[in-house]
Amino acid sequence: MKQQFITALEEHNLERVRQVPKGDLHNHITRGGNKRYITAWCGTEIPECPTFADLGEMNRWNARHIKPLLPGRTGYEKRIEAAFVQAKSDGVQLLHMSVTMGEEEWFGGSIAALIQTIQAVHRRIAPEIHFVPELAFLTHTPIQVTCDKLELYLEHNYFKSLDIFGDESAVPAFKKVFRMAKAKGLILKAHVGEFGTSGLVKQAVEELELDQVQHGIAAANSPAVMNWLADHRIQLNVCPTSNVLLSRVANYSSHPIRKLYDYGVKVTVNSDDMIIFDQSVSEEFVNLYRGGLFNAVELNTIRENALTDTNRK
Ligand SMILES: [Zn+2]
C-alpha cells in the first residue's frame with residue numbers, strides 16, 4: 001500500500017490515492033457527507049463556500065445554505081448516511097466521527113434510538129470501515145449538566161472517544177468531564193490551537209489528559225510546545241482546508257503542519273466538515289503534495305500515523 005500511495009501522489013492520480021486505506025480522525029458526523037450526495041437527494045445545489053473570517057461566519061453560511069435542505073430527523077439520518085457514503089468512496093478505513101450531545105433530541109431524547117440509527121447506517125453503508133463513535137460537546141454547556149448527560153451516554157458503552165469544541169479558552173476547565181471519560185477508557189480529544197495559542201494547547205492537554213488534539217496548529221508558534229507534544233506522543237488531527245477556509249492559514253504551501261512534522265509531532269490529515277469545505281482526506285493529501293509542502297514518502301508516513309493501533313478502539 002505504501003508504494004501504491006507514493007506512486008499515486010507522484011502521478012497526481014486522485015482516484016488511486018482514494019484506493020489506498022486512510023484514516024479520518026477529525027470528522028463531525030452531521031457534516032461528513034459531500035454536497036453532490038445531498039444535492040442528488042434533495043435536488044438543490046449547494047454552492048462552494050467562500051473563505052470565512054471566523055466560525056460565526058461559517059455557521060451563518062451553514063444555516064443559510066445547508067441546514068434548510070436537511071430538516072428534522074430525516075435530514076439528520078441523511079447526513080449520517082452521506083458521511084458513511086463519503087468515507088467509503090474516499091477509501092477511509094478507520095473513521096472517527098463525532099456526534100454532539102443534544103443530537104438525541106432528533107430521536108425524542110432517546111440516546112438508544114440515536115445509537116441504533118448510527119449502527120444501522122454503518123452496517124448498511126460501510127460495514128468494512130472500522131468506525132470509532134465519538135461523542136462531542138460544546139464549551140457553553142455548564143460542566144455539571146455535561147457530566148450528567150455524559151453519564152447517560154456512557155451507560156450505552158457505545159462511544160469510544162470524547163471531544164470538546166467551542167470557546168477554546170473554556171476548554172481546560174472541563175477536567176471533571178474528561179476524567180469520567182478517561183475512567184471508561186475513551187480516547188480523549190479537544191478542539192484547541194485552531195484559534196487559540198500554543199500555551200492553551202499545552203494547558204488543555206495537561207489539564208484534560210488528552211491523547212489527541214483537534215487542529216492544534218497554533219503549537220507551531222512555540223518550539224517548546226512542539227517538543228513537549230512530540231515527547232509526550234500527543235497526536236494532532238489536522239484539517240488543512242478547514243484552516244485555509246477559516247482564515248487560519250494563507251494557503252497549503254505555508255501550512256504549519258510542515259513545521260509540526262519537522263519537530264517530530266505526530267500529525268494526521270483529516271476532513272473536518274466535508275459538507276462545507278468539500279475536500280476529502282484523499283484530496284487533502286493531493287493538495288499538500290501539490291502545494292510542495294511534503295514529498296510523497298512523508299505524506300505516506302502521515303497516512304500511516306492515522307492507522308496505528310492507538311487510534312483503534
Ligand atoms: Zn472540527
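Trainee: What is the handedness of the crossing of α5 and α6?
Mentor: The crossing of α5 and α6 is right-handed, and please keep in mind throughout that we are looking at a predicted model.
Trainee: OK, and at what angle do α5 and α6 pack?
Mentor: Helix α5, residues 72–89, and helix α6, residues 111–125, pack at an angle of about 35°, with their axes 10 Å apart.
Trainee: Which residues make that contact?
Mentor: From α5 the contact includes Tyr76, Ile80, Phe84 and Val85, and from α6 it includes Leu114, Ile118, Val121 and Ile125. By class, the contact of α5 with α6 has eight nonpolar, two polar and five charged residues.
Trainee: How do α3 and α5 pack?
Mentor: Those two helices, α3 and α5, pack at an angle of about 135° with their axes 10 Å apart, which makes α3 oblique to α5. The crossing of α3 and α5 is right-handed.
Trainee: Which residues of α3 and α5 meet there?
Mentor: On the α3 side you will find Tyr37, Ile38 and Trp41, and they meet Thr74, Lys78, Glu81, Ala82 and Val85 in α5. Sorted by class, the residues of the contact of α3 with α5 are five nonpolar, one polar and two charged.
Trainee: Changing topic, which residues are the protein donors of the zinc ion?
Mentor: The protein donors are His26, His28 and His191, each through NE2, together with Asp272 through OD, and they lie 2.1 to 2.4 Å from the zinc ion.
Trainee: Why is the arrangement around the zinc ion irregular?
Mentor: The arrangement counts as irregular because the four donor atoms subtend angles of 84 to 174° around the zinc ion. For comparison, the ideal angle for four tetrahedral donors at a metal is 109.5 degrees.
Trainee: And what spacing do the donors follow along the chain?
Mentor: The donors of the zinc ion follow the spacing H-x1-H-x162-H-x80-D. Distant parts of the chain are linked here, with histidine 28 in the loop between β1 and α3 and aspartate 272 in the loop between β8 and α13, 244 residues apart.
Trainee: Which residues meet between α14 and α15?
Mentor: In α14 they are Phe285, Leu288 and Tyr289, which meet Ala296, Leu299, Ile302 and Arg303 in α15. That contact of α14 with α15 has six nonpolar, no polar and one charged residues.

Notes: Residues numbered from 1 in each chain as written. Predicted model: local features only at pLDDT ≥ 70, side-chain atom pairs only at ≥ 80, totals over all residues. Heavy atoms only, no water. Contact = heavy atoms within 4.5 Å. Helix = DSSP H or I, 4+ residues; strand = E, 2+ residues; numbered from the N terminus. Nonpolar A, V, L, I, M, F, W, Y, C, P; charged D, E, K, R; others polar. Donors = N, O, S within 2.8 Å, 3.2 Å for Na, K, Ca; no water. Tetrahedral: all angles 85-135°; square planar, octahedral: opposite > 155°, others 65-115°. Axes fitted to C-alpha atoms, helices over the stretch in contact; angles between N-to-C directions. Parallel < 35°, antiparallel > 145°, perpendicular 65-115°, else oblique. Left-handed = near helix turned anticlockwise from the far one by under 90°.
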